[in-house]
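Please open the model in a viewer and keep the selection panel at hand.

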Amino acid sequence: MCIDYIDLNKACPKDSFPLPRIDQLVDTTSGHQMLSFMDAYSGYNQIKMNPIDEEATSFQIDKGLYCYRVMPFRLKNAGETYQCLMNKVFKTLIGRNMEVYVDDMLVKSLEKSQHNSDLE
């Protein structure tokens, strides 16, 4: 199902939370023997909407009127919101043995023998 959020997105102010620069993230992998890439493609659906904002995501189908209780795909600032959350969750790992770009995560290890431990 696809909901058109064009009008809602126009009405929302842009979140100024900065997304990481891809070129800098790529540079941080230099010299590492092992890399594991992970895609948290449904991660957006794990972030609860503020109950006050749920009404703005309402949509109607033949069975009634509904709204999202979790952040829907294509909502403005979803990427910034998700990046901010990932930065908080992985605060002690980012820059050391992990990098995160929205829902794409990378675990990196300087030594091959350390990689399983880094993944844990």
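This is a predicted model, and a search of the whole structure finds three salt bridges.

**Salt bridges**

Select Lys-14 and Glu-80, whose side chains form one of these contacts at 2.4 Å, N to O. The pair joins distant parts of the chain, 66 residues apart: Lys-14 lies in the loop between helix H1 (6–11) and H2, whereas Glu-80 belongs to helix H3 (residues 78–89). Glu-80 counts as buried because its relative accessibility is 10%, under the 20% cut-off.

Next, select Arg-21 and Asp-23, where a salt bridge spans 2.7 Å, N to O. Asp-23 is partly exposed, with a relative accessible area of 39%; Arg-21 is likewise partly exposed, at 47%.

Then move to Lys-108 and Glu-99, whose closest N and O atoms are 2.7 Å apart in a salt bridge. Both Lys-108 and Glu-99 are buried.

**The second largest pocket**

Keep Glu-99 selected, as this residue also belongs to the lining of the second largest pocket. The pocket has a volume of about 180 Å³, and its lining comprises eight nonpolar, one polar and two charged residues.

**The largest pocket**

Now select Cys-12, Met-49, Asp-53, Leu-75 and Lys-76. The largest pocket holds about 300 Å³ of space, and of the 14 residues that line this pocket, these five are the closest to its centre: Cys-12, Met-49, Asp-53, Leu-75 and Lys-76. By class, the lining of the largest pocket divides into seven nonpolar, four polar and three charged residues.

**Aromatic rings**

Select Phe-59, Tyr-66 and Tyr-68, which ring pairs link into a cluster. Across the whole structure, the search finds three aromatic pairs.

**The annotated region**

Finally, select residues 3–119, which the unreviewed UniProt entry annotates as "domain: Reverse transcriptase". Over this range the chain is 25% helix and 19% strand, and the C-alpha atoms at its ends lie 36 Å apart.

Terms used. Residues are numbered from 1 along each chain as its sequence is written. This is a predicted model: local features need pLDDT of at least 70, side-chain atom pairs count only at pLDDT 80 or more; totals for chains, interfaces and linings use all residues. Side-chain values use heavy atoms; hydrogens and water are left out. On a 1 Å grid over the protein atoms alone, a cavity is a set of points where a 1.4 Å probe fits but cannot get out, and a pocket is an open set with protein on both sides within 12 Å along at least five of seven lines; lining residues have an atom within 4 Å of a point. Grid points are joined across faces, edges and corners, and a volume is the space filled by probe spheres set on the points. Ala, Val, Leu, Ile, Met, Phe, Trp, Tyr, Cys and Pro count as nonpolar, Asp, Glu, Lys and Arg as charged, and the others, Gly among them, as polar. Rings of Phe, Tyr and Trp (its six-membered ring) pair if their centres lie within 6.5 Å; planes under 30 degrees apart count as stacked, over 60 as edge-to-face and the rest as tilted. UniProt positions are given in the numbering used here, feature names are shortened, and annotations may be inferred rather than shown by experiment. Helices (H or I, at least four residues) and strands (E, at least two) are DSSP runs, numbered from the N terminus. A salt bridge is a side-chain nitrogen of Lys or Arg within 4 Å of a carboxyl oxygen of Asp or Glu. Buried means under 20% relative accessible area, exposed over 50%, partly exposed in between (1.4 Å probe, protein chains only).
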